[in-house]
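Hi everyone, thanks for making time this morning. I'd like to walk you through a structure that may be new to you, so please have a look at the screen first.

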Protein chains: 2
Amino acid sequence: MEKLNNTLLYTLDKCFRTYNQFAQRNVRKAGYDITIDQWLILKSVAENPNITQNDISKIVFKDNASITRIIQLLIKQDFLTREIHPSDRRRVNLTLTETGKKITIDVNEIALQNRAAALKGIDEESIKLMRDLLQKVIGNCNNGS
Amino acid sequence: MEKLNNTLLYTLDKCFRTYNQFAQRNVRKAGYDITIDQWLILKSVAENPNITQNDISKIVFKDNASITRIIQLLIKQDFLTREIHPSDRRRVNLTLTETGKKITIDVNEIALQNRAAALKGIDEESIKLMRDLLQKVIGNCNNGS
DNA sequence: AAATATTAGTTGATATATCAATTATTGATT
DNA sequence: AATCAATAATTGATATATCAACTAATATTT
């Protein structure tokens, strides 16, 4: 049995977790009481008015049930409102409150800084290359039987 | 605000989740009632007898509290036993049961196949390059203030 | 139009993640 | 030796992940 920590996917795991913790820490340090996951959802609503929860779940790559629960919290925190969609009563209409709009923009600033810090010293070409490789892995996992 | 899905770290997130789901699905499909996370812990015990829970948490990159709870489940499933360490009563001694040993080895086989499938068509050099880049990101996240 | 299938979202159960607080034990200080 | 600091692990609270079962509404079929 080869050692755990020598595989690419172990490094991928580690990188993902390290970056998440780093990003979350910086958001808290700036005084915002929101998780990265919550912010991602606010951001998808901001970018796509009229979006369904189903579509959000695809964008942020989470389960439908998780989206429901995160949105419940966002409503409780007064970042979002939810109404029944007028023409399809199964759907919901999500709208950012003023507070929600503000925090989405503010945290976006921090996210940009986080990204810059995380990718410091890595050139554009390498980033592109890495993204292509990651896409290839994603493809392999989806197609394979 | 630039679109979410165009950043490297979004792709990283997606890749990580896709691979995890893919790997977990294959383990279930082979008939093993264990999560990848649980298996990783069994594997660290197998590779490092006398390991502490603290060390496990560093290896698998999870919180100490999570490790405690996953280990409780592993004991309930009869894959592990836990005793007090003879010379340091704060520590625990973890030992794989026979069932635990077997499943660790079996799932390792599946993990190897998963890895091969996920990395299919990607040459050694690219893998090394990607690993180095990921390490650099990890370094950036850890050093940065 | 009635029966059936599909779709959007919710809920329940269980596992895991994270942070903070706590316990028990050991190590270091004086 | 008594006090204090550090360490190993657990526990509580809350957020999230995942799967399956479910409700309500709309679309499709016959």
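**Protein and DNA: a short tour**

Let me start with the DNA: of the atoms of DNA strand C within 4 Å of the protein, 70% belong to sugar or phosphate, and the rest belong to bases. Before I go on, a word on what we are looking at: this is a predicted model, where local features need pLDDT of at least 70 and side-chain atom pairs count only at pLDDT 80 or more, while totals for chains, interfaces and linings use all residues. Residues are numbered from 1 along each chain as its sequence is written, chains are lettered from A and ligands numbered from 1 in the order in which they are written, and side-chain values use heavy atoms, with hydrogens and water left out.

Which residues come nearest to it? Of the 25 residues around DNA strand C, the nearest are Gln53(A), Thr68(A), Arg69(A), Arg82(A) and Arg90(B). Being near here means that one of the residue's heavy atoms lies within 4 Å of the strand. By class, the surface near DNA strand C has five nonpolar, nine polar and eleven charged residues. For those classes, Ala, Val, Leu, Ile, Met, Phe, Trp, Tyr, Cys and Pro count as nonpolar, Asp, Glu, Lys and Arg as charged, and the others, Gly among them, as polar.

In chain A, an N or O atom in the side chain of Arg17(A) is 3.3 Å from a phosphate oxygen of DNA strand C. The elements giving two or more residues to the surface near DNA strand C are α1 (8-29), α3 (53-59) and α4 (64-76) of chain A, together with α4 (64-76) of chain B. These labels come from DSSP runs, numbered from the N terminus: helices are H or I runs of at least four residues, and strands are E runs of at least two. Which element gives the most to the surface near DNA strand C? That is α4(B), with five residues.

Let's move to the other strand. DNA strand D is surrounded by 25 residues, and the closest are Lys62(A), Arg69(A), Gln53(B), Arg69(B) and Arg82(B). Of the atoms of DNA strand D that come within 4 Å of the protein, 72% are accounted for by sugar and phosphate. Here a polar side-chain atom of Gln38(A) lies 3.4 Å from a phosphate oxygen of DNA strand D. The surface near DNA strand D takes two or more residues from each of α4 of chain A and α1 (8-29), α3 and α4 of chain B. With five residues, α4(A) gives the most to that surface. Its residues divide into five nonpolar, nine polar and eleven charged.

Now for the protein itself. Chain A has six helices and two strands, and along the sequence they follow the pattern α-α-α-α-β-β-α-α. Asn50(A) lies in the loop between α2 (36-47) and α3 of chain A, and its phi is near 75 degrees, a positive value in a residue other than glycine.

Finally, a helix pair in chain B. How do α2(B) and α3(B) cross? The axes of helix α2 (residues 36-47) and helix α3 (residues 53-60) of chain B come within 10 Å and cross at roughly 120 degrees. Axes are lines fitted to C-alpha atoms, for helices over the stretch in contact, with angles running from 0 to 180 degrees between N-to-C directions. The two helices are therefore oblique to each other; under 35 degrees counts as roughly parallel, over 145 as roughly antiparallel, 65 to 115 as roughly perpendicular and the rest as oblique. In their contact (heavy atoms within 4.5 Å), Leu40(B), Ile41(B), Ser44(B) and Val45(B) of α2(B) meet Ile56(B), Ile59(B) and Val60(B) of α3(B). That contact has six nonpolar, one polar and no charged residues.

Conventions
A polar contact is a pair of N or O atoms within 3.5 Å; within protein, one must be able to donate a hydrogen and the other to accept it, and residues adjacent in sequence count only if both atoms are side-chain atoms.
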